[in-house]
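Dear colleague,

Please find below the structure that I am handing over to you. My notes on it come after the display.

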Amino acid sequence: MKKVAIAALAALSLTGPALAQQAPETLVTVLTAPEPQTQLMAMVLAMQAAQQGVAPHILLCGPAADIALKDAPESATAPQPPREMSPQGLMRKIATLPGAKVEVCAIYLPGKGADASVLLDGVTVAKPKAMAAAMIAPNARIASY
């Protein structure tokens, strides 16, 4: 019994530092999924984090980056149930929040043969060094879809 109690106390002492961690300052959301429902849910969770005081930093890559286009596909702009919101519409709201960043992968536009003029206002091209720094920052959490 004494050994069990000592083991339990030892295990609890290891969780102390994890429990003492502060809430993140930034939520880095990496979105590559092509499905509108997944894209919208990623935006919903980023918005919820923002409403809880966490700065959203969204990185759109591959087919998900299409939601950042001025001439986006219908799947990015079509309302989704249950609130009839679109991935692009909610992303645009997030982009206007204080401290928010919405970026497309550095290789997205060259891969499309386009430049930044095709992107919505408030969306920029990620710089790999800065994006990597945001992802490894001690005050950041990463969500990937």
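The paragraphs below set out what was found, beginning with the basis of the values.

This is a predicted model, in which local features need pLDDT of at least 70 and side-chain atom pairs count only at pLDDT 80 or more, while totals for chains, interfaces and linings use all residues. Residues are numbered from 1 along each chain as its sequence is written, and side-chain values use heavy atoms, with hydrogens and water left out.

Overall, the chain has 6 helices and 5 strands, taken as DSSP runs numbered from the N terminus (helices H or I, at least four residues; strands E, at least two). Their order along the sequence is α-β-α-β-α-α-β-α-β-α-β. Of its 145 residues, 37% are buried (under 20% relative accessible area, with exposed meaning over 50% and partly exposed in between; 1.4 Å probe, protein chains only).

The 5 strands make an open sheet with parallel pairing, in the order β4-β3-β2-β1-β5; two strands pair if DSSP finds at least two bridges between them. Because β4 (123–125) and β5 stand at the edges with a single partner strand each, one side of each has no neighbour in the sheet. On average, neighbouring strands are turned by 25° against each other, direction ignored (axes are lines fitted to C-alpha atoms, for helices over the stretch in contact; angles run from 0 to 180 degrees between N-to-C directions). Strand β3 (residues 101–104) pairs with β4 over 3 bridges in the parallel sense, and V104 is opposite V125 in β4.

Two helices accompany these strands. Helix α4 (residues 87–95) lies across β2, β3 and β4, at about 135° to β2. Helix α6 (residues 128–136) packs on the sheet and touches β1 (26–31), β2, β3 and β5, where contact means heavy atoms within 4.5 Å. The direction of α6 makes about 120° with that of β1.

There is 1 salt bridge in the structure, defined as a side-chain nitrogen of Lys or Arg within 4 Å of a carboxyl oxygen of Asp or Glu. K112 forms it with D66, and the closest N and O atoms are 3.8 Å apart. K112 belongs to helix α5 (residues 108–112) and D66 to the loop between β2 (55–60) and α3 (74–77), so the pair ties together parts 46 residues apart in sequence. K112 counts as partly exposed, at 45% relative accessibility.

Finally, I142 lies in strand β5 (residues 140–144) and is likewise partly exposed, at 45% relative accessibility.

Kind regards
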